[in-house]
Amino acid sequence: MSRRPASTRPRGKERVRHAAALSPRALLGFALADVTRLLRTVYDARLSGKGLSGASWRVLAYLYREDGLTQTKLADLLEVSRPAIGQMIDRLEASGFVERRADPADRRSWGVFLSPQSHAKVEEFLQASRAIETECFEAFSEKDLATLSELTNRLRDHLLVLQDNVRAEDAGSD
């Protein structure tokens with residue numbers, strides 16, 4: 001999705017009028033989406049020299065925490081489609097970062113595992129990620145970060161409950 005050209009974006013009083021039409025909660029939602037997009041952009045730029053994108057780093061980070069996840073589970077965690085995660089894993093596998101292995105309990109299922117190359121580089125990737133985190137959050141005190149983290153976790157937990165409720169409602173209407 002592309003952004004509107006600068007020449008067509010509201011300016012000055014018109015921008016204030018547009019923003020005033022949205023509730024503070026809606027503006028917060030937009031700001032959270034912007035922050036997420038901007039963080040991805042910074043990660044992509046900083047990790048490209050290591051042969052990774054922000055999204056591929058997230059795949060490796062999830063596998064570092066729990067090696068052997070299925071493509072379906074990774075797609076759910078990353079909130080992408082199964083074809084999209086399949087393509088991502090294809091690229092990571094071709095670059096030697098991950099390996100697919102058949103699940104001995106279910107021949108239809110494949111686990112995705114960090115390759116020996118990735119295990120050897122995990123500390124390097126973690127250091128790069130920590131440097132990015134430091135750079136991105138340097139405007140905040142540790143107290144600010146703790147508060148932001150607590151509020152974000154509460155919001156995420158609440159939204160997960162809402163998501164489960166919506167799924168249950170959808171299942172009930174079938």
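These notes go through the predicted model point by point.

1. **Basis.** Residue numbers start from 1 along each chain as its sequence is written, and side-chain values use heavy atoms, with hydrogens and water left out. Because the model is predicted, local features need pLDDT of at least 70 and side-chain atom pairs count only at pLDDT 80 or more, while totals for chains, interfaces and linings use all residues.

2. **Overall make-up.** The chain has seven helices and three strands. Both are DSSP runs numbered from the N terminus: helices are H or I with at least four residues, strands are E with at least two. From the N terminus the order reads α-α-α-β-α-α-β-β-α-α. Of the 174 residues, 20% are buried. Buried means under 20% relative accessible area, exposed means over 50%, and partly exposed lies in between (1.4 Å probe, protein chains only).

3. The three strands form an open, antiparallel sheet in the order 1-3-2. Two strands pair if DSSP finds at least two bridges between them. Strand 1 and strand 2 are the edge strands, each with a single partner, so one side of each has no neighbour in the sheet.

4. **Strand contacts.** Strand 1 (residues 69-70) is joined to strand 3 (residues 106-114) by two bridges. Here Leu-69 stands opposite Val-112. Strand 2 and strand 3 pair over six bridges, again antiparallel. Glu-99 has Phe-113 as its bridge partner in strand 3, and Ala-102 has Trp-110. A hairpin through two residues joins strand 2 to strand 3.

5. **Arginine over a ring.** Phe-113 has another contact to check. Arg-101 lies over its face, at 4.1 Å from the ring centre. The test is that NZ of Lys or CZ of Arg is within 6 Å of the ring centre and within 35 degrees of the ring normal.

6. **Aromatic pairs.** How many aromatic pairs does a search of the whole structure find? The search gives three. Rings of Phe, Tyr and Trp (its six-membered ring) pair if their centres lie within 6.5 Å; planes under 30 degrees apart count as stacked, over 60 as edge-to-face and the rest as tilted. One of the pairs is Trp-57 with Phe-125, edge-to-face, at 6.1 Å centre to centre and 70° between the planes. Trp-57 sits in helix 3 (residues 54-65) and Phe-125 in helix 6 (residues 116-136), so this pair ties together parts 68 residues apart in sequence.

7. Phe-125 is buried, at 2% relative accessible area. Phe-125 also pairs with Phe-97: the centres are 5.9 Å apart and the planes at 55°, so the pair is tilted. Phe-97 lies in the loop between helix 5 (82-94) and strand 2 (98-103), so its pair with Phe-125 in helix 6 links parts 28 residues apart in sequence. Trp-57 is buried at 9%, and Phe-97 is buried at 4%. Ring pairs link Trp-57, Phe-97 and Phe-125 into a cluster.

8. **The largest pocket.** Its volume is about 2,100 Å³. Of the 42 lining residues, the closest to the centre are Thr-36, Arg-58, Tyr-62, Thr-152 and Arg-156. Helix 2 (24-47), helix 3, helix 4 (71-78), helix 6 and helix 7 (142-172) each give two or more residues to the lining. The largest share, 12 residues, comes from helix 7.

9. **Pocket terms and lining.** On a 1 Å grid over the protein atoms alone, a pocket is an open set of points where a 1.4 Å probe fits, with protein on both sides within 12 Å along at least five of seven lines; lining residues have an atom within 4 Å of a point. Points are joined across faces, edges and corners, and the volume is the space filled by probe spheres set on them. The lining divides into 25 nonpolar, seven polar and 10 charged residues. Ala, Val, Leu, Ile, Met, Phe, Trp, Tyr, Cys and Pro count as nonpolar, Asp, Glu, Lys and Arg as charged, and the others, Gly among them, as polar.

10. **A backbone point.** Most residues other than glycine have a negative phi. Glu-79 has a positive phi, near 60°. Glu-79 lies in the loop between helix 4 and helix 5, and counts as exposed at 71% relative accessibility.
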